[in-house]
Amino acid sequence: MSLTETTEEDKIEVIGEYKCVQVRTATVIKRDGVEISRSFHRHIVAPNADISDESAEVQSICNTVHTQAIKDAYAAHLKSLETP
Amino acid sequence: MALTQVIGSGVGQVTDIKIGGSGSANTLDDYEEGSWTATVTGSGGNPSTAATESGSYVKIGRIVYCTVTISNKDTTGASGAVRLTGVPFTPNKSTASGNLMLYYAKSLNSTTANITPYVTASYVAFYQTDYQTSTAWGEISHAAGANFYLYTSFWYETDS
C-alpha cells in the first residue's frame with residue numbers, strides 16, 4: 001500500500017469588478033493511486049497584492065487582469081471603505 | 001419545507017438543489033468547507049514577524065462563515081488598527097457581523113460597549129462602539145507586543 005499527498009491549484013477564478021483572483025488549493029491524498037481525501041485551502045489575490053509568491057499560472061492571470069486601470073479603481077475603492 | 005428540484009444527477013453533476021420553491025431564491029448551488037490563513041496586520045504597520053494562523057470556513061450558497069483562533073502571537077512592530085487579511089472568498093460588500101474574544105496587545109476605549117468584526121474588500125477590521133457618546137466608533141488599535149490573542153468568527157456574502 002502506498003500513500004501519496006499532492007497539492008494542486010484546482011480552481012482559479014477571476015471575481016467581480018476589481019478582478020480579484022480567487023485561488024483554491026487542494027490537498028489530495030491517494031492510496032494506491034485512488035483518491036481517498038481532498039481538502040481545500042483558499043486565498044485571494046487582490047489587484048494591489050504582492051504576487052511574487054504565487055504560482056506561475058496565478059501570476060500570469062494576475063498580470064493579465066490586473067491592469068493599471070483596475071489597480072487604480074481598486075485603490076480608490078479601498079479608500080472609500082476606510083470608514084463605514 | 002420540501003426538496004422541490006435537483007438539477008443534474010450523479011456525483012459531480014448536480015449543479016442546483018431547489019428547496020421550498022423553484023425560484024433562484026430557493027436554490028442552493030454551492031457548498032464548500034476548507035481552511036484559510038489569517039494574517040494579523042496593522043493599518044499603520046505590520047508585525048515585524050508575520051503573525052498568521054489557519055482558520056476554517058464553510059460556504060453555503062453565497063454566505064461564507066469563517067472562524068479563526070489566533071493564540072499567543074508576538075505583534076511587535078505593529079501599529080494602528082488591528083486587522084486580519086486572508087479571507088477565503090471575495091466579499092461582495094462590507095458587512096458587520098460575528099463576534100470576537102480578545103486578550104493582550106490591543107487598546108480599547110474605557111467606555112467601549114461592544115466590538116464587531118467588519119469585513120471589507122481587503123481586510124477584516126474590528127470596530128468598537130462607545131456607550132457614552134453616540135458619535136464615537138472606530139477600530140481597535142494595536143498595543144504591540146507578545147501575548148496577542150484574538151478569537152473571532154464572522155460571516156459575509158460573496159458573488160463567487
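Which residue stands opposite B:T95 in strand 11 of chain B? B:V119 stands opposite B:T95 there. The model is predicted: local features need pLDDT of at least 70, side-chain atom pairs count only at pLDDT 80 or more, and totals for chains, interfaces and linings use all residues. Residues are numbered from 1 along each chain as its sequence is written, chains are lettered from A and ligands numbered from 1 in the order in which they are written, and side-chain values use heavy atoms, with hydrogens and water left out.

**Extent of the interface between chain B and chain A**

- Chain B brings 24 residues to the contact and chain A brings 15 residues, where contact means heavy atoms within 4.5 Å.
- About 1,500 Å² is buried between chain B and chain A, and carbon and sulfur atoms give 52% of this area; buried area is the accessible area (1.4 Å probe) that two parts lose on being put together, summed over both.
- B:E32, B:T90 and B:A121 supply 27% of the area that chain B buries against chain A, more than any other three residues.

**Polar and charged pairs**

- Two salt bridges are found across the interface of chain B and chain A, a salt bridge being a side-chain nitrogen of Lys or Arg within 4 Å of a carboxyl oxygen of Asp or Glu.
- A:R24 forms a salt bridge with B:E32, and their closest N and O atoms are 2.8 Å apart.
- Seven residue pairs, both at pLDDT 80 or more, are in polar contact between chain B and chain A; a polar contact is a pair of N or O atoms within 3.5 Å, and within protein one must be able to donate a hydrogen and the other to accept it, while residues adjacent in sequence count only if both atoms are side-chain atoms.

**Elements on the chain B side**

- Strand 4 (31–42) and strand 13 (137–139) of chain B are the elements that give two or more residues to the side touching chain A; strands are DSSP runs (E, at least two residues), numbered from the N terminus.
- Strand 4 of chain B gives the most to this side, with six residues.

**Strand pairing**

- Strand 3 (residues 34–45) of chain A and strand 4 of chain B run parallel and are joined by two bridges; strands pair if DSSP finds at least two bridges between them.
- The bridge partner of A:H41 in strand 4 of chain B is B:S35.
- Within chain B, strand 8 (residues 95–96) and strand 11 (residues 112–119) run antiparallel, joined by two bridges.
- Strand 11 of chain B also pairs with strand 12 (residues 124–130) of chain B, in the antiparallel sense over seven bridges.

Key:
Helices (H or I, at least four residues) and strands (E, at least two) are DSSP runs, numbered from the N terminus.
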